Amino acid sequence: MSDAANAQPASTPAVQPGAAVSHTSWERPTAEQLDRYRALPSANIGDAMHRLGMMDAAIKPVWTGATIVGSAYTVWTRPGDNMGLHEALKQVRPGDVIVVNGGGDESRALLGELVAGKAKVKGVVGFVIDGAVRDATGLAEYAMPVYARALTPAGPYKDGPFALATPVAVGGVVVNPGDIVVADEDGVVVVPLEQADLVAELSEAKHASELAIRANIDADLDALAGASSGAAESKAG
């Protein structure tokens with residue numbers, strides 16, 4: 001029997017005290033799907049989903065210019081404990097975004113530059129953490145996009161429990177393994193994988209419409225600036 005046939009489904013497990021739960025198989029978005037989302041702002045994607053799927057605005061980029069487009073690898077951990085992140089690094093694939101339900105706790109950093117550096121070696125393209133992180137300068141130096149609720153110098157515990165690759169709630173949004181995560185300067189939006197093609201189509205239409213409106217506004221502003229310049233020259237003459 002194949003490994004795929006033996007793989008567990010990505011369903012919600014019962015987490016017992018001290019237990020570590022993980023799943024091994026789920027569908028991920030295609031490269032073509034991710035390429036479509038790389039060309040789209042998070043705001044247009046959110047509009048296409050009727051303003052749903054957008055995380056709490058308190059979850060922000062740790063460094064300016066950080067952006068993410070990738071496939072969700074989910075972690076559910078006890079607040080202030082990052083054992084689950086270390087275990088996740090053994091399972092992630094290139095292109096994954098590690099999305100963590102840390103209970104919104106801001107007292108202990110679940111991630112720092114060393115874990116981020118190891119993740120970059122594994123091909124992880126970003127982190128979204130409903131909790132705190134640290135080493136902001138180091139994260140930027142590694143060019144590892146990280147979105148989090150807070151920064152703190154306080155380090156984490158490493159005791160568990162945790163669950164990997166299971167549905168989690170992060171920033172008020174349910175995230176399943178394989179969902180598409182898009183993050184930019186406006187925030188984080190999550191697209192359910194089964195809706196990826198439809199949402200991409202609607203988002204592209206919204207983006208094209210807004211670009212056309214922007215072009216008209218820019219033309220009007222250019223005309224206004226030209227008229228003002230001409231009037232100023234006439235007065236000077």
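**Questions on a predicted model**

Visitor: Which residue's side chain meets Arg78 in a salt bridge?
Guide: In this predicted model, the two side chains come within 3.1 Å of each other, N to O. A salt bridge needs a side-chain nitrogen of Lys or Arg within 4 Å of a carboxyl oxygen of Asp or Glu. The partner of Arg78 in this salt bridge is Asp81.

Visitor: Is Asp81 buried or exposed?
Guide: Asp81 is placed in the loop between β3 (68–77) and α4 (83–88). A residue counts as buried when its relative accessible area is under 20%. Because the value for Asp81 is 0%, this residue counts as buried.

Visitor: How many residues apart in sequence are the parts tied together by Arg149 and Asp56?
Guide: The side chains of Arg149 and Asp56 meet in a salt bridge of 3.1 Å, N to O. Arg149 lies in strand β6 (residues 146–151) and Asp56 in the loop between α3 (42–48) and β2 (60–61), so the pair ties together parts of the chain whose separation in sequence is 93 residues.

Visitor: How does Asp56 count by its relative accessibility: buried, partly exposed or exposed?
Guide: Buried means under 20% and exposed means over 50%, with partly exposed in between. Because Asp56 has a relative accessibility of 33%, this residue counts as partly exposed.

Visitor: In which helix do Asp218 and Arg214 both lie?
Guide: The side chains of Asp218 and Arg214 meet in a salt bridge of 3.2 Å, N to O. Asp218 is partly exposed, with a relative accessible area of 29%, whereas Arg214 is exposed at 52%. The two residues are four residues apart, about one turn of the helix, and both lie in α7.

Visitor: How many salt bridges does a search of the whole structure find?
Guide: Some salt bridges share partners, and these join Asp56, Asp130 and Arg149 into one network. For the whole structure, the search gives a total of 11.

Visitor: What accessible area do Ile213, Ile217, Leu221 and Leu224 have together?
Guide: Leu224 is placed in helix α7 (residues 196–236). Because its relative accessibility is 55%, Leu224 counts as exposed. With Ile213, Ile217 and Leu221, Leu224 forms a nonpolar patch on the surface, and the area of the four together is about 390 Å².

Visitor: Why do the buried residues of α2 line one face of the helix?
Guide: The buried residues of helix α2 (residues 31–38) are Gln33, Leu34 and Tyr37. Seen down the axis of α2, these residues line one face because they fall within a limited arc, namely 95°.

Visitor: Which exposed residues does α2 carry on the face turned away from its buried side?
Guide: Exposed residues are those with over 50% relative accessible area. On the face of α2 turned away from the buried side, they are Ala31 and Glu32.

Visitor: Against which elements do the buried residues of α5 pack?
Guide: Helix α5 (residues 113–121) has the buried residues Val115, Ala116, Gly117 and Ala119. Just after α5, Gly123 takes a positive phi of about 95°. The packing partners of the buried residues are α4, β5 (126–133) and α6 (136–141).

Technical notes. Residues numbered from 1 in each chain as written. Predicted model: local features only at pLDDT ≥ 70, side-chain atom pairs only at ≥ 80, totals over all residues. Heavy atoms only, no water. Buried < 20%, exposed > 50% of the residue type's maximum accessible area, 1.4 Å probe, protein only. Contact = heavy atoms within 4.5 Å. Patch = residues over 30% accessible without salt bridge, like charges linked within 9 Å, V, L, I, M, F, W, Y side chains within 5 Å. Areas by Shrake-Rupley, 256 points an atom, 1.4 Å probe, with all protein chains shown as cover. Arc of directions from axis to C-beta.
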